[in-house]
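Please read the following report alongside the sequence and the coordinates.

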Amino acid sequence: MLKRHMCLMTLITILIFSFLTPIYGDSAKGIVIDGINVQQGADKDLSIFEISSDEIIELPPFKPRLLSPIQDIEKHERWKGNKLTWEIRQMKESGKFAKDDVIKVQISPYFEFTDEEFLMKIKENFGEDMEYEKVGPRYNLDITIEQLDILEAMDEVMRIADPDEEQNVTISHETNSDIGLNLDAATEMMGIKKARSDFGVTGDLDGNKTKYSKNDVVIAIVDTGIDAGHIDLDGGKVIGWYDVVNGESKPYDDHGHGTHVASIAAGTGEGDPNNQVGFAPGAALVGVKVMDKYGGGYTTHIIDGLQWIYDNIDKYNIDVVNMSIGTHSSYKNVKEVIDLINDIDRKGVPVFVAAGNEGDGRELGRYYDTLSTYAKYTSTSVGSVRDPYEGGWGLSKFSSRGTGNQGPYIVAPGHNIRAARANSRKGYKTDSGTSMSTPAVTGTYALMLDAAYTRGNSEISFSGFDMGPTGYDKLYGNGNLLGYESIKRAGRYSGSFDNYRTYIRKPEGYVNKGDAVIFPIEVNSSTVDLNVNLLILDENNEDLDIVIWEPGANPLEGDPWTYLIGEEKEMPHEHISIKNPKRGTYYIGVAGMRDSGNYSLEITGYNIEIGEW
């Protein structure tokens, strides 16, 4: 909770200013205010980033399938993974079952076989009396261990799973609300709107803006489904569909998460023109429903959905895959999912996966080492940041963190994103989560493909800027995605973009218990929020606080602080947005009220600069 320091101090130690020497370093003696030793931080330790600067990171390039010469594309074949899921393999290899012991299994047929063809093969192998239960597109059977070998050898059988498998996959969103800024706020801050205007990119490659086809950029959404009747997603935008859960032949979404995600990536915004346009409104979509109406899912379903994508890359010319779902199951339980994601990626089709929303500690009881298992073992996971309209730039508190040298691949806005509400025709809702930041990256990638394809380039790479600790880190990964610069680079265009925000940070600092280290920040405009973000880098629940003196209060003269932000006692994160900040010098820093610790301090605003002591 934001607290204004109002107490009257009975004793303030005020040093005579003429004898005061500027103090630098973590162990220097400063002015004691309310029991805290306040020290001047060295302004040389601060770094500043503006989009117009040249401190832009270029990530390693992708080699998309779309941009590869035809002769370089391998002949595509169906994925050849293990037919037995982990649970069934364990059962078979345990040695606890005799050949004639009966077990329950769930069979997923290969996609090209009709129900009639599959059942005919079952009866040929097991007799006319074999009983089965149809569950969506799958079949439950009672078979012996000996018959398991026969099933495994059948060409028609894609997967053999445990029908009693527990749900272990969830969608990666945090909140529900009807209140929030338009989607255009995020696309504005990232430069997406200006890139679409400057470079004419939308994801439409077939030359027909009113129709969608496999010749456009094609985005596959692996989720709860897509409401193809929503005005932002209708008109034939969904060109392919597979329902793992219920086996329905036409697109739908009985939960809503997938529709929200799809409209962020590629919605046209027709329900709220000029406000709700998705990242790549000209792109076509392929929907793969793997999550049920409650937002839960099974590893087996995810495997089946990803295998359908792998086997149909050529049929629909799928260019990129979005997976805003996650799990904390062990690696061995989800190995086939990891293998499929990596194999799809090797086909020149990246799979962007949500990093997870467990960074707030509520689900796992810890704040670090909270990345989804999918994110830990794949190379393109996405974390979430607040954009400046939502109190950023800064990490969203819910965004899952890595540990040690492990973090997400990249971060993008995922805080309070307004997008399509399923089954409403023209409605919208606001959600937060890495589920929302992931389609921001997916949609940007689609626009980069459009730019590169149009200009005849064979590689694309993301541009970003470093946040938090210097270099790749466990919070922000490679940094925050710069949409305009990424698209400009992909098409080798010329142009410039400025979101009129300045990002100042102390990448790494240390504060002792009982000390506060502060920095002067000059604020020259009161029209835009001043946002401060504190990240505690240690992983032992150290408790540090943000401390701020607003213009007119001078810590060097012993004035009490204006704000002490310490709402989080264990979570390694504090944040404040100051509305309509005063013009003048703010003193902003980190206080070790209860602990010592390493930190990263971030300050974002309009027309701000590093001040002088």
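This is a predicted model: local features need pLDDT of at least 70, side-chain atom pairs count only at pLDDT 80 or more; totals for chains, interfaces and linings use all residues.

## A helix and its cover

Just after H12, Arg-492 takes a positive phi of about 50°.

In soluble globular proteins, nonpolar side chains tend to be buried together. The largest nonpolar core here has 68 residues, and those with the most contacts inside it are Ile-219, Leu-285, Phe-352, Ile-460, Phe-462 and Ile-487. Helix H11 (residues 434–455) supplies the largest share of this core, with 10 residues. Apart from it lies another core, of 36 residues, which has Ala-284, Tyr-316, Val-337 and Val-353 among its members.

## The annotated domain and active site

An unreviewed UniProt entry carries the annotation "domain: Peptidase S8/S53" over residues 215–451. Over residues 215–451 the chain is 26% helix and 22% strand, and the C-alpha atoms at the two ends are 14 Å apart. The unreviewed UniProt entry also places the feature "active site" at Asp-223, His-257 and Ser-435. These positions span 213 residues in sequence, yet no two of their C-alpha atoms are more than 9.9 Å apart, so they gather at one spot.

Asp-223 lies in strand S12 (residues 218–223), and at 0% relative accessibility Asp-223 counts as buried. Leaving aside neighbours within four places in sequence, the residues in contact with Asp-223 include His-257, itself an annotated position, as well as Ile-171, Gly-258, Val-261, Val-288, Lys-289, Val-290, Met-291 and Ser-324. Ser-435 is found in helix H11, and Ser-435 likewise counts as buried, at 0% relative accessibility.

## A three-stranded sheet

Three strands form an open sheet in the order S15-S10-S17, with antiparallel pairing. Its edge strands are strand S15 (296–297) and strand S17 (325–326), each of which pairs on one side only. Strand S10 (residues 169–171) pairs with S15 in the antiparallel sense over two bridges, and the bridge partner of Val-169 in S15 is Gly-297.

## The chain as a whole

The chain has 12 helices and 34 strands, and 61% of its 613 residues count as buried. A compact globule with 613 residues would have a radius of gyration near 25 Å, and the 27 Å of this chain agrees with that. Taken along the principal axes, the C-alpha atoms fill a box of roughly 100 × 60 × 45 Å. Among contacts between residues at least 6 apart in sequence, 81% join residues at least 24 apart.

The chain averages a pLDDT of 89, and 92% of the residues score at least 70. Over residues 1–27, however, the pLDDT is below 50, although this stretch has 49 contacts in the model beyond near neighbours in sequence.

Key:
Residues are numbered from 1 along each chain as its sequence is written. Side-chain values use heavy atoms; hydrogens and water are left out. pLDDT is the predictor's confidence in each residue, from 0 to 100. Contact means heavy atoms within 4.5 Å. UniProt positions are given in the numbering used here, feature names are shortened, and annotations may be inferred rather than shown by experiment. Helices (H or I, at least four residues) and strands (E, at least two) are DSSP runs, numbered from the N terminus. Two strands pair if DSSP finds at least two bridges between them. A nonpolar core is a set of buried Ala, Val, Leu, Ile, Met, Phe, Trp, Tyr and Cys residues joined through side-chain atoms within 4.5 Å. Buried means under 20% relative accessible area, exposed over 50%, partly exposed in between (1.4 Å probe, protein chains only). The radius of gyration is taken over C-alpha atoms; the globule rule is 2.2 Å times the number of residues to the power 0.38.
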